[in-house]
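Good morning, and thank you for coming.

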Amino acid sequence: MRVRCSSWLCSRRNSAARIKERKDSIALKRPVRQKIMNHSIAILGSARSDGNTARALNRLIQGLPCETIDLNQQKIAHFSYNQDYENDDFINIVERIVDAPVTILATPVYWYSYSAPMKVFIDRFTDLLFSQKPLGRKLRGCKFAFLSTGNSPHPNETISQAFSSFCDYLGIKNLGMVYACADGPFYEEPPVLNIRNYIRDAAESEKRAVLPNRR
Ligand SMILES: Cc1cc2nc3c(=O)[nH]c(=O)nc-3n(C[C@H](O)[C@H](O)[C@H](O)COP(=O)(O)O)c2cc1C
């Protein structure tokens, strides 16, 4: 049986409980501002989605918070001087790149150069110097890494140099370049470790920034 308490102490308790209930319900209704965790991104630009480059890339990012964007599954128009693009995916991808701790460009060597999908993608960065300047400015200070595969036992100097100059021109920090001959091991281990450590450390500090401070 519920006993109704008529003392002043009891009514004070009841009103205190009501106030707390109200405060709790207001707190529940208030929208929670959440910072979203940004993953690193790998752009795969090979003529095949499951070839040597895809396999080398999977080894490079294994176990790390890094999402692969396969250019075969994206609509990326060729560069146009008139900036004439019909709803393609380029700007969407760059918006994710500028928020990503690390971006890896992964390409096979085709005829001493980037693959065609990777070249088309890279050409479009020209838009970020003209019609998309505000977004282009956000690229400054972004961290990029480069992965290539080829049949030659050594990395191709022409595309390594091209990637390096691309980073310099856009103010991007080059975290390192890795190379694998066909399906073989990486040519050098230090840049692999450097890139992996960078992705891991960036994810850890993002996690600390996203998690609310507990008192
Ligand atoms: C069209 C084409 C051109 C290539 N040109 C080169 C080249 O110039 N230098 C080289 O070392 N390998 C060359 N290769 C070999 C590929 O770079 C190598 O097999 C690479 O690992 C393939 O990666 P994928 O499976 O992602 O396409 C070429 C292969 C193709 C299909």
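In this predicted model, L105 stands opposite F146 in strand β4. The two belong to a pairing of strands, where strands are said to pair if DSSP finds at least two bridges between them. Strand β3, residues 103–108, and β4 pair in the parallel sense over 6 bridges. On β4 there is a second pairing, with strand β5, residues 173–181, again in the parallel sense and over 7 bridges. In that pairing, F144 stands opposite N174 in β5.

Residues are numbered from 1 along each chain as its sequence is written. Because the model is predicted, local features need pLDDT of at least 70 and side-chain atom pairs count only at pLDDT 80 or more, while totals for chains, interfaces and linings use all residues. Helices (H or I, at least four residues) and strands (E, at least two) are DSSP runs, numbered from the N terminus.

In β4, 8 of the 8 residues are buried, so the strand is largely enclosed by the rest of the structure. As a general point, side chains in a regular strand alternate between the two faces of the sheet. Here, K143, A145, L147 and T149 point one way from β4, and F144, F146, S148 and G150 point the other way.

β4 also takes part in a right-handed β-α-β unit, together with helix α6, residues 157–170, and β5. Right-handed means that, with the strands pointing away from the viewer, the path from the first strand over the helix to the second runs clockwise.

I turn now to the chain as a whole. The protein chain has 7 helices and 5 strands, and along the sequence they follow the pattern α-β-α-β-α-β-α-α-β-α-β-α. Of its 215 residues, 25% count as buried. Two residues are in contact if their C-beta atoms, placed from the backbone, lie within 7 Å. Among contacts between residues at least 6 apart in sequence, 73% join residues at least 24 apart.

An α-helix has 3.6 residues a turn, so residues three or four places apart point the same way.

In helix α4, residues 116–123, the buried residues are P117, M118 and F121. Their arc, seen down the axis of α4, is 95°, so they too line one face of the helix. Their cover includes β1 and β3.

Let us consider the ligand. Of the 16 residues around the ligand, G51, N52, T53, P108 and G150 come nearest; a residue counts as near if its C-beta atom, placed from the backbone, lies within 6 Å of the molecule. The elements that give two or more residues to this shell are α2 and β4. By class, the shell has 7 nonpolar, 8 polar and 1 charged residues. Ala, Val, Leu, Ile, Met, Phe, Trp, Tyr, Cys and Pro count as nonpolar, Asp, Glu, Lys and Arg as charged, and the others, Gly among them, as polar.

Finally, a few individual residues. Q74 lies in the loop between β2 and α3 and is partly exposed because it has 16 C-beta neighbours inside 10 Å. Leaving aside neighbours within four places in sequence, Q74 is in contact with I69, D89 and I93. Q74 and I93 are 19 residues apart in sequence, and their C-alpha atoms are 9.4 Å apart.

Q83 lies in the loop between β2 and α3, and its phi is near 55°, a positive value in a residue other than glycine. Y112, in the loop between β3 and α4, has a phi near 60°, also positive in a residue other than glycine. A209 lies in helix α7, residues 190–210, and is exposed, with 9 other C-beta atoms within 10 Å.

Key. Buried ≥ 20, exposed ≤ 12 C-beta atoms within 10 Å, placed from the backbone. Arc of directions from axis to C-beta.
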